[in-house]
Amino acid sequence: MKKISILIIILLLISGTFFIKNKTPKVVPFKNSHNEDIRIPIIQKNINNEKVLFILDSGANISILDSTWYYDNKHMFTEAENINMVLTGISGVVSINSKIIYTEIDEDYVVFTITDLIPVTQNLSKQGFKIVGILGSDYLKDNNLIIDYKKQAVYTAS
């Protein structure tokens, strides 16, 4: 009986490996892969059938929308609440009062906070990239995504 159980477990592991290897992952290339000077991942997504650009930032705990862009496109989002947030980054600890909103991006539910991203997006705008926000590690985790910096693409891990 013990040998049969072990055999079943081995067969399940082998068949699971077969299906994982043969499943084609969804690949989303970076929009800036043609520009070697810009070394951060920028991807194109759809919100309400509008194509927009986001920075992928695995070091950001939360996803962020630029406040100016949000207020111009408020109809695409649902407001959840206002909260007092404590953010920790390379510039230290900052306490801000922020609005939490959510929407669907390419059929994925995404929660954002809103802030002024002009200091982040200004230089990229000069390079031709109109960034509307940052997709953080929460987005990567919730959607089971893997960033491949060498191939300059994002893959689904499932």
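1. Lys74 and Glu79 join their side chains in a salt bridge, with 3.5 Å from N to O. This is a predicted model. Lys74 is partly exposed, at a relative accessible area of 36%. Glu79 is partly exposed too, at 41% relative accessibility.

2. The search of the whole structure returns two salt bridges. The other pair is Lys45 with Asp106, whose closest N and O atoms lie 3.5 Å apart. This pair links distant parts of the chain, 61 residues apart. Lys45 sits in strand 2 (residues 42-47). Asp106 sits in the loop between strand 6 (92-105) and strand 7 (108-115).

3. Is Lys45 buried or exposed? Lys45 counts as buried because its relative accessibility is 4%, and buried means under 20%. Asp106, its partner in the salt bridge, is partly exposed, with a relative accessible area of 25%.

4. Now the backbone. Asn144 is not a glycine, yet its phi is positive, at about 55°. Where is Asn144 found? Its place is the loop between helix 4 (137-142) and strand 9 (145-148). Asn144 counts as partly exposed, with 37% relative accessibility.

5. Gln152 also deserves a check. Its phi is positive, near 55°, in a residue other than glycine. Gln152 lies in the loop between strand 9 and strand 10 (153-156). At 22% relative accessibility, Gln152 is classed as partly exposed, since the buried class means under 20%.

Key:
Residues are numbered from 1 along each chain as its sequence is written. This is a predicted model: local features need pLDDT of at least 70, side-chain atom pairs count only at pLDDT 80 or more; totals for chains, interfaces and linings use all residues. Side-chain values use heavy atoms; hydrogens and water are left out. A salt bridge is a side-chain nitrogen of Lys or Arg within 4 Å of a carboxyl oxygen of Asp or Glu. Helices (H or I, at least four residues) and strands (E, at least two) are DSSP runs, numbered from the N terminus. Buried means under 20% relative accessible area, exposed over 50%, partly exposed in between (1.4 Å probe, protein chains only).
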